[in-house]
Amino acid sequence: MKVAITVNGTEHTDDVEPRLLLVHYLRDLLGLTGTNVGCDTTSCGACTVLLDGESVKSCTLLAAQADGGRVTTIEGLARGDEMHPMQQAFRENHALQCGYCTPGMVMAAVSLLEEHPDPTEVQVRKGLEGNLCRCTGYHNIVKAVLAAASSPRAG
């Protein structure tokens, strides 16, 4: 089946198997390997991307379900050499350890700030509970999200 999906601002039209997952479309067809496959069950959030501005777990979403949509991956956040405020906050607050969860965590955090531009710590923890960090780096992740929210560059 043919799908037309705008990914990181570029429209892609491809023939795909109806059962192709969005995460495999992004990684295997488009070469955007920042979106990770962690569990294939939506439990870990390593595959989180934005679909029409909302965070979704791309490991259980078919590419066909994104047809006509706008997908943003971790590769699409930065503007040239300038990191997105959330990426910068993760860097400045040491909010990563092994880095495997980081792309999905950043994408979920960007979506969270769209919904709650000035979140409390409780709102950040609740908003990110669908994304797991196996290195237990949550303290600095929460700190980074709060820092990004207060950044004049955010929003």
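Which residue forms a salt bridge with Asp15? I began there, in a predicted model where local features need pLDDT of at least 70, side-chain atom pairs count only at pLDDT 80 or more, and totals for chains, interfaces and linings use all residues. Residues are numbered from 1 along each chain as its sequence is written, and side-chain values use heavy atoms, without hydrogens and water.

**Salt bridges**

I took a salt bridge as a side-chain nitrogen of Lys or Arg within 4 Å of a carboxyl oxygen of Asp or Glu. My search of the whole structure gave 4. The partner of Asp15 is Lys2, with the closest N and O atoms 3.6 Å apart. Asp15 sits in strand 2 (residues 10–15) and Lys2 in strand 1 (residues 2–7), so the pair ties together parts 13 residues apart in sequence. Strands are DSSP runs of E, at least two residues; helices are runs of H or I, at least four; both are numbered from the N terminus.

Next I looked at Glu121. Glu121 pairs with Arg125, the closest N and O atoms being 3.0 Å apart. Both lie in helix 4 (residues 121–127), 4 residues apart, so about one helical turn separates them.

**Core**

I then turned to the largest nonpolar core, which has 25 residues. Such a core is a set of buried (under 20% relative accessible area, 1.4 Å probe, protein chains only) Ala, Val, Leu, Ile, Met, Phe, Trp, Tyr and Cys residues joined through side-chain atoms within 4.5 Å. Met86, Phe90 and Val145 are among the members touching the most others. Helix 3 supplies the largest share, 8 residues.

Notes: Buried < 20%, exposed > 50% of the residue type's maximum accessible area, 1.4 Å probe, protein only.
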